[in-house]
Amino acid sequence: MDFLKKYLPFSFKANDVKNLIISILIYIVIGFVAGLVLGLLGAIPVIGIITGILGTIVEIYCLAGIVIAILVFAKVIK
C-alpha cells in the first residue's frame, strides 16, 4: 500500500466528496495536458512511437488514480 501512496498521492486524500472531486479533476487535467503535449510531439515521425507508449502509460496512471480515489472514498481501501 505504501507503493501506491507514494506514486498516487492525490488518490488517498479522497475522504469526502469535495476531495474526491478535486482528486478526479487533478487526474483529468494531468491526462489532458499530457495528451496535448504528447499529441504535438507525436507529429514528429521518430518520436511518434515513443509518445504513443508514453501516452498509454499516462492514461493508465490517470485511470488507476481515479479508480483508487473512488475506492478510498468508498472505504474499500484504507
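Guide: Aromatic rings first: rings of Phe, Tyr and Trp (its six-membered ring) pair if their centres lie within 6.5 Å, with planes under 30 degrees apart counted as stacked, over 60 as edge-to-face and the rest as tilted. A search of the whole structure finds 2 such pairs. Y27 and Y61 form an edge-to-face pair, at 5.8 Å centre to centre and 70 degrees between the planes. This pair joins distant parts of the chain: Y27 lies in helix α2, Y61 in helix α3 (residues 45-73), 34 residues apart.

The model is predicted: local features need pLDDT of at least 70, side-chain atom pairs count only at pLDDT 80 or more, and totals for chains, interfaces and linings use all residues. Residues are numbered from 1 along each chain as its sequence is written, and side-chain values use heavy atoms, leaving out hydrogens and water.

Helices are DSSP runs (H or I, at least four residues), numbered from the N terminus. Helix α2 covers residues 17-41. Its 25 residues reach 36 Å from first C-alpha to last, close to the 36 Å expected at 1.5 Å a residue. That expected span is 1.5 Å times one less than the number of residues.

Now burial. Buried means under 20% relative accessible area, exposed over 50%, partly exposed in between (1.4 Å probe, protein chains only). In α2, L20, S23, Y27, A34 and L38 are buried. Y27 has a relative accessible area of 0%. S23 counts as buried because its relative accessibility is 3%. Contact means heavy atoms within 4.5 Å. S23 touches F10, A14 and A69, not counting residues up to four places away in sequence. The cover over the buried residues of α2 includes α3.

How values were computed:
Helices (H or I, at least four residues) and strands (E, at least two) are DSSP runs, numbered from the N terminus.
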